[in-house]
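The sequence and structure are shown first.

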Amino acid sequence: MEKLIPRHNDILKELDEKGHVLVQDLCEKFNVSSVTVRKDLNYLESIGLLFRNHGGASKHVRYAYERNVDEKENINVEAKQNIAKAALQLIQENDCIILASGTTMHYLARMLVNFGPLTVLTSSLRVAIELCNNPNINIIQLGGEVRKSSTSIVGSISEGILKQFSCNKLFLGVDGIDIDFGISTSNAAEAHLNQLMIECSEKVVILGDSSKLNKKGFGKIAPLDHVDYLITDNGIGEEDKSALEERGVTVIVK
């Protein structure tokens, strides 16, 4: 059994409450030097109790990795369904919207079964197939290279097509939401396509359950000042919610 001193237990308690901690905050809280705090964090990481990152530590690993869409379908299902239902409230008849790829987008597409008239531009093959059940929705499917792991389209062909359009709202799923780094995904090609989606949209709505918070994917999409709404679940902490709102993001919790 590894030996922990009282301060270690206090750091872990702080981490349980907040999800992540900063060296500077811990120095002030425990009245010790930054050298001492870093030694504490390094030790706690060495025995597997936290993950170190720039400026502090996290309860969970902060780097998102790529998962197959079939695997993602079975993760946080109820939260994703509730998030999709909330996103539905931001869609109006005669809107021209973009639905990007991702499992939450699949749920949103299913909920549009009786909605319309509406124009939907999408990079997701699954979303397009779902929307085919609604005669009142005009579907524009981006063409190009098929990324099989996400059943979505990426690459220069899809980017060229996308530049021809202007839409009311973009509904975007991400792998990471970080206060400093912004929104990101685990695939660079998808990140670049998402950047162009943001450029041709008046409003940007991120659909992301709370497991995406304080994480970074390999490909940066945009800083938070490009995001208008985040729809998430009640796993978000008050500190994270306040930090996002200070950056101008309207946070909707479902």
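In which hand of crossing, left-handed or right-handed, does helix 5 pass helix 6? The crossing is right-handed, a term for a near helix turned clockwise from the far one by less than a right angle, with anticlockwise giving left-handed. The model is predicted, and local features need pLDDT of at least 70, side-chain atom pairs count only at pLDDT 80 or more, and totals for chains, interfaces and linings use all residues. Residues are numbered from 1 along each chain as its sequence is written, and side-chain values use heavy atoms, with hydrogens and water left out.

**Helix pair**
- The axes of helix 5 (residues 77-88) and helix 6 (residues 103-111) come within 8 Å and cross at roughly 50°.
- Helices (H or I, at least four residues) and strands (E, at least two) are DSSP runs numbered from the N terminus; axes are lines fitted to C-alpha atoms, for helices over the stretch in contact, and angles run from 0 to 180 degrees between N-to-C directions.
- Helix 5 and helix 6 are therefore oblique to each other, oblique being what remains after roughly parallel (under 35 degrees), roughly antiparallel (over 145) and roughly perpendicular (65 to 115).
- Residues making the contact (heavy atoms within 4.5 Å) include Val77, Ile83 and Leu88 of helix 5 and Tyr107, Leu108 and Met111 of helix 6.

**Cysteines**
- The structure holds zero disulfides, a disulfide being a pair of cysteine sulfur atoms within 2.5 Å.
- The sulfur of cysteine 200 is 5.2 Å from the closest cysteine sulfur, in cysteine 167, which is too far for a bond.
- Cysteine 167 is buried at 5% relative accessible area, and cysteine 200 is buried at 10%; buried means under 20%, exposed over 50% and partly exposed in between (1.4 Å probe, protein chains only).

**Histidine 226**
- Histidine 226 lies in the loop between strand 13 (219-222) and strand 14 (229-232) and is partly exposed, at 38%.
- Histidine 226 touches Ile198 and Val204, leaving aside residues up to four places away in sequence.
- Histidine 226 and arginine 247 are 21 residues apart in sequence and 9.7 Å apart in space, C-alpha to C-alpha.

**Backbone features**
- Most residues other than glycine have a negative phi, and most peptide bonds are trans.
- Glycine 116 and proline 117 are joined by a cis peptide bond, with omega about 0°.
- Threonine 151 has a positive phi of about 45° and counts as buried at 18%.
- Asparagine 214 has a positive phi of about 60° and is buried at 12%.
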